Amino acid sequence: METVSSWKSFGGTLSVHEHDSAVCHCPMQFAVYTPPAANDDTRLPVIWYLSGLTCNWSNVMEKSGLQRIAARLGVMVVAPDTSPRGDDVPNDDAYDLGQGAGFYLSASQSPWSTHYHMDRYIVDELSELVFSQFPSADPQRQGIMGHSMGGHGALTLHLKHPETYRSVSALSPITAPMQVPWGEKAFTAYLGEDRSQWADYDACELVGKRPSKAQILIDTGDADPFLDEQLRPQLFIDACKDADQALNYRMQNGYDHSYWFIASVIEDHLEHHCSVLGG
């Protein structure tokens with residue numbers, strides 16, 4: 001692991017790292033905010049933040065203002081990239097497929113199947129790297145959250161690994177990718193035409209089969225331009241109700257899909273995670 005950049009922020013450290021991924025078969029970058037409470041004798045909760053389409057680690061670290069909050073709460077925040085990247089990694093001209101649009105799944109279709117394994121990368125490879133290189137990170141206290149495509153990733157990874165990601169939240173998430181254009185396009189490309197293979201990456205399907213014991217927190221703005229076509233929150237609300245899944249889905253008046261919205265509610269989300277994980 002190579003440290004690419006490092007800055008002091010609110011008494012802690014924001015650092016960016018690069019390593020060669022054996023899962024994605026390319027170099028990968030990720031960022032970590034380590035709060036001032038970190039030391040050799042202290043184990044701190046770790047919150048994974050998964051970003052949305054076109055994003056990488058920098059969006060949340062530069063636009064959300066999370067460092068001030070994480071420093072106060074005493075939590076580490078890890079921001080992976082959203083996909084494999086590089087000249088040898090398959091891509092698409094559209095913003096919603098290929099590099100920057102990994103959808104937190106393991107692709108089975110050519111040409112994506114060699115590199116696009118973002119779920120395995122985060123759950124297995126990057127997790128092992130973080131906990132080996134950051135001694136303050138507590139593997140017993142992990143939470144996961146994300147925005148848009150990253151909200152989809154956070155919900156599905158939590159529902160598949162509730163013992164690992166004990167707390168979960170999402171911002172403007174794609175909760176029913178099998179029923180919206182973004183998800184249908186990506187799943188067809190990455191997973192093929194057989195829709196039965198898609199269900200393992202759809203939060204509505206997963207919560208119906210394996211609801212978790214966690215309280216899920218979700219915020220979406222009612223002025224979000226993607227609300228009716230791509231997000232369709234009522235589908236997930238109904239699925240959680242049918243499955244007796246604890247859910248706090250808040251529709252925020254006047255907010256859109258941007259990081260102005262995320263910056264407005266991220267404190268609530270980090271506090272939600274700390275209410276479960278401690279700080």
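Modeller: Happy to! One term comes first: a residue is buried when its relative accessible area is under 20%, exposed when that area is over 50%, and partly exposed in between. Keep in mind, too, that this is a predicted model.

By that scale Phe-226 is partly exposed, with a relative accessible area of 28%. Trp-182, at 3%, is buried. A search of the whole structure turns up eight aromatic pairs, and one of them is formed by Trp-182 and Phe-226: it is tilted, with 4.8 Å from centre to centre and 45° between the planes. Where do Trp-182 and Phe-226 lie? Trp-182 is in helix H5 (residues 181-191), while Phe-226 is in the loop between strand E8 (216-221) and helix H7 (227-231), so the pair ties together parts that are 44 residues apart in sequence.

Now look at Phe-187 and Tyr-201. Their ring centres are 6.5 Å apart and their planes meet at 65°, so this pair is edge-to-face. Phe-187 lies in helix H5 and Tyr-201 in the loop between H5 and helix H6 (203-209), so the parts tied together here are 14 residues apart in sequence. Both Phe-187 and Tyr-201 are buried. Ring pairs also link Phe-103, Phe-187, Trp-198 and Tyr-201 into a cluster.

Leaving aside neighbours within four places in sequence, Phe-103 is in contact with several residues, among them Leu-53, Met-149, His-152, Ile-174, Trp-182, Phe-187 and Tyr-190.

Tyr-190 deserves a stop of its own. This residue is found in helix H5 and, at 0% relative accessibility, counts as buried. Not counting residues up to four places away in sequence, Tyr-190 touches residues including Leu-97, Gly-98, Ala-101, Gly-102, Phe-103, Trp-112 and Tyr-116. Take Gly-102 as an example: Tyr-190 and Gly-102 are 88 residues apart in sequence, yet their C-alpha atoms are 9.0 Å apart in space. The side chain of Tyr-190 also reaches the backbone nitrogen of Gly-98, at 2.9 Å.

Leu-73 takes us to helix H2, where it is one of the buried residues. Helix H2 (residues 66-73) is mostly covered, with six of its eight residues buried. The cover over those buried residues includes strands E1 (2-9), E2 (12-21) and E3 (26-34), as well as helix H9 (259-277). Just after H2, Gly-74 takes a positive phi of about 75°.

Finally, step back to the whole protein. There are nine helices and nine strands, and buried residues make up 59% of the 279 residues. Among contacts between residues at least 6 apart in sequence, 72% join residues at least 24 apart.

Technical notes
Residues numbered from 1 in each chain as written. Predicted model: local features only at pLDDT ≥ 70, side-chain atom pairs only at ≥ 80, totals over all residues. Heavy atoms only, no water. Phe/Tyr/Trp six-rings, centres within 6.5 Å; stacked < 30°, edge-to-face > 60°. Helix = DSSP H or I, 4+ residues; strand = E, 2+ residues; numbered from the N terminus. Buried < 20%, exposed > 50% of the residue type's maximum accessible area, 1.4 Å probe, protein only. Contact = heavy atoms within 4.5 Å. Polar contact = N/O pair within 3.5 Å; in protein donor to acceptor, adjacent residues only side chain to side chain.
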